[in-house]
Amino acid sequence: MKESKDGTRSASSLTLILDIEDFKGDFSFDALFGNLVKDLLPSFQDEEADSADAPGNINGNDVLPNGNMWASSDVSKFSQALSAPLFPEVDALLSLFKDSFRELVDLHKQIDSKLFNLKKEVSVQDAKHQKTLAELEKGVDGLFDSFVRLDSRISSVGQTAAKIGDHLQSADAQRETASQTIELIKYLMEFNSSPGDLMELSPLFSDDSRVAEAASIAQKLRSFAEEDIGRQGIAVPSVMGNATASRGLEVAVANLQEYCNELENRLLSRFNAASQRRELSTMAECAKILSQFNRGTSAMQHYVATRPMFIDVEVMNADTRLVLGDQGLQASPNNVACGLSSLYKEITDTVRKEAATITAVFPSSNDVMSILRVLEQRVTALLDKLLVKPSLVNPPPLEEGGLLLYLRMLAVAYEKTQELARDLQAVGCGDLDVEGLTESLFSAHKDEYPEHEQASLKQLYQATMEELRAENQQLSESTGTIGRSKGAAVASSQQQISVTVMTEFVRWNEEAISGCILFSSQPATLVANVKPVFNCLLDQVSQYITDGLERARDSLTEAAALRERFLLGTSVSRRVAAAAASAAEAAAAAAGESSFRTFMVAVQRCGSSVAIVQQYFANSISRLLLSVDGAHAASYEEMATAMRSAESAAYRGLQQCIETVMAEVDRLLSAEQKATDY
């Protein structure tokens with residue numbers, strides 16, 4: 001807001017000039033109003049402050065806040081003040097506001113005029129802009145069309161250039177092929193000059209530094225010549241009979257064959273010399289060149305054949321000594337297991353070292369690893385000495401280990417060799433099926449394994465029975481001086497069924513079943529092997545407990561015979577030999593009591609033995625038979641059938657026990673009762 005030039009501030013002379021700049025930026029109406037009235041309101045504000053200090057509604061009896069009464073002089077002064085104008089600047093303010101309003105109206109008109117002019121200017125500029133934009137869009141469209149034509153042209157030129165490049169590349173390849181063909185024809189003519197003449201060849205074929213190039217060219221020439229002869233249907237004559245040959249490429253083929261053989265032998269000699277010096281780079285170079293001859297088969301076979309682990313007889317003998325020790329074929333399975341573990345670990349370490357060398361030397365390391373003859377030669381030679389298949393007709397005696405020793409050796413060798421196969425597979429043997437090869441090493445033994453296992457169980461059973469019979473025979477001889485009935489009772493008690501012997505039968509069978517599991521890879525094969533082995537146990541248990549019950553029944557039968565003799569004796573000689581009859585009576589009673597006790601013990605042990613077999617079947621056998629339908633039920637039925645003979649013997653013996661008890665009761669009654677008791 002601007003003032004007049006004279007600077008007066010009275011209401012009549014005050015001229016307001018509002019500037020449009022006052023309304024720009026952070027506009028505040030309060031600030032604008034304050035600027036308008038700041039020259040007029042200070043006096044009003046002072047009067048208002050004085051009025052605020054004066055109390056309202058005062059009369060002559062009013063009391064001041066401090067409790068004093070107004071004086072009459074004060075009341076008169078206040079009345080005079082009230083008679084003066086309350087807001088003396090109101091006229092000046094009204095004039096000010098009117099002038100301000102007029103100025104605001106003028107400013108509004110000025111702004112409207114400016115806005116109108118701006119709108120006209122904006123409209124004109126917008127029209128110009130639209131026109132310019134349309135022209136630019138038209139130009140851009142034309143530019144895009146130009147770019148499209150340029151891109152199409154570039155693409156066309158690029159395709160043409162690519163075709164030209166392909167033609168040039170093809171021409172260069174044809175030129176190179178033609179050049180190589182010319183060289184090959186020249187070399188071919190050299191080989192086709194005269195039979196067996198390799199002295200006039202180009203220096204390429206005799207330069208040791210260019211052996212790889214010479215080998216490649218010789219193989220190409222040989223393939224071409226043989227193909228040409230094959231097309232003509234002409235057989236290649238021998239070198240000696242080719243002296244007068246002049247047609248085709250027969251001479252070239254013969255000379256190339258001779259040269260390739262000579263070159264291959266030369267490379268093999270160099271390879272062998274480098275192998276002895278452990279010069280892997282030279283070996284790799286020779287192997288790479290030799291790979292052009294029958295895919296390097298000769299180099300691979302030569303390398304494998306020169307390994308000491310395959311050809312050294314002393315190595316094979318050391319293997320045998322390590323596994324069998326000084327005992328030879330009589331070595332224990334535990335010692336053989338330790339020896340095989342040590343030997344197979346040594347073989348694995350050796351193969352691992354050879355694998356590192358083969359990988360560094362041969363381009364096709366898998367092919368070399370697949371022809372390693374570790375299992376075919378070294379392991380097979382050892383197994384042939386270790387596993388000598390015994391005869392089932394004349395088995396070796398138990399003093400020499402019997403069939404059981406062979407079976408244990410077979411299990412140990414098979415398990416350790418399988419571990420070797422897994423280790424070799426982990427090292428890497430190319431395409432060689434190591435596990436399948438391992439199975440083939442034991443196929444002959446596995447085919448006849450069930451028969452050997454059953455024969456071994458029968459041999460052990462027969463040996464145990466013979467040992468028990470020998471002990472009983474010795475015991476009978478030692479009791480020969482005792483009374484016949486007493487001696488028979490003692491011998492019978494020593495021949496009782498033994499739970500310890502039954503446990504031994506089960507232990508043999510359990511070991512045999514573990515072998516069946518080891519050698520049976522398929523569930524059906526496992527069931528086929530387990531059933532006959534378990535049936536052997538059933539037969540042995542049935543025969544053993546039946547024989548035991550029959551022996552116990554023999555004592556009952558002998559006691560019954562003594563009773564019969566006692567009865568006959570009393571009817572004939574009661575009056576003549578009363579003392580002898582009394583002794584016979586006592587002997588018969590003692591024999592009956594002893595035989596009764598012996599048979600009941602046998603029945604009890606028979607029940608314990610059957611329980612052992614049933615528990616063994618439930619814990620170890622039944623789960624192996626579940627994979628084949630009906631196998632479990634069939635074995636359970638066979639087990640019941642095997643026990644029927646024992647049940648029959650027990651039944652007959654129990655009947656005899658009842659007869660013995662009844663006879664003893666009759667004897668006691670006849671001895672104790674008197675005529676007066678009736």
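Phe23, Phe27, Phe29, Phe33, Phe97 and Leu104 form a nonpolar surface patch of about 540 Å². Such patches consist of residues with over 30% relative accessible area and no salt bridge, nonpolar side chains (Val, Leu, Ile, Met, Phe, Trp, Tyr) being joined within 5 Å. A salt bridge here is a side-chain nitrogen of Lys or Arg within 4 Å of a carboxyl oxygen of Asp or Glu, and accessible areas come from the Shrake-Rupley method with a 1.4 Å probe, with only the protein chains shown counting as cover for residues.

The model is predicted: local features need pLDDT of at least 70, side-chain atom pairs count only at pLDDT 80 or more, and totals for chains, interfaces and linings use all residues. Residues are numbered from 1 along each chain as its sequence is written, and side-chain values use heavy atoms, with hydrogens and water left out.

Helices α1 (29-37) and α4 (90-191) each contribute at least two residues to the nonpolar patch. Helices are DSSP runs of H or I with at least four residues, numbered from the N terminus. Phe29 lies in α1.

The table gives the relative accessibility of selected residues, where buried means under 20%, exposed over 50% and partly exposed in between (1.4 Å probe, protein chains only).

| Residue | Relative accessibility | Class |
|---|---|---|
| Phe29 | 55% | exposed |
| Cys338 | 52% | exposed |
| Phe271 | 1% | buried |
| Cys516 | 0% | buried |

Phe271 belongs to helix α6 (residues 250-277). Its C-alpha atom is separated by 7.1 Å from that of Thr282, 11 residues away along the chain.

In helix α7 (residues 280-290), the buried residues include Met283, Cys286, Ala287, Ile289 and Leu290. These five lie on the same side of α7 because they cover an arc of only 160 degrees around the axis, the arc being that of the directions from the helix axis to the C-beta atoms. Ser281 and Lys288, on the other side of α7, are exposed.

Helix α14 (residues 402-427) has 26 residues and spans 38 Å from its first C-alpha to its last, close to the expected 38 Å at 1.5 Å a residue. The expected span is 1.5 Å times one less than the number of residues. Gly428 follows α14 and has a positive phi, near 115 degrees.

The structure contains zero disulfides, a disulfide being a pair of cysteine sulfur atoms within 2.5 Å. For Cys516, the closest cysteine sulfur is that of Cys536, at 9.9 Å, which is too far for a bond.

Note on methods
Patches are made of residues with over 30% relative accessible area and no salt bridge: like charges are joined within 9 Å, nonpolar side chains (Val, Leu, Ile, Met, Phe, Trp, Tyr) within 5 Å.
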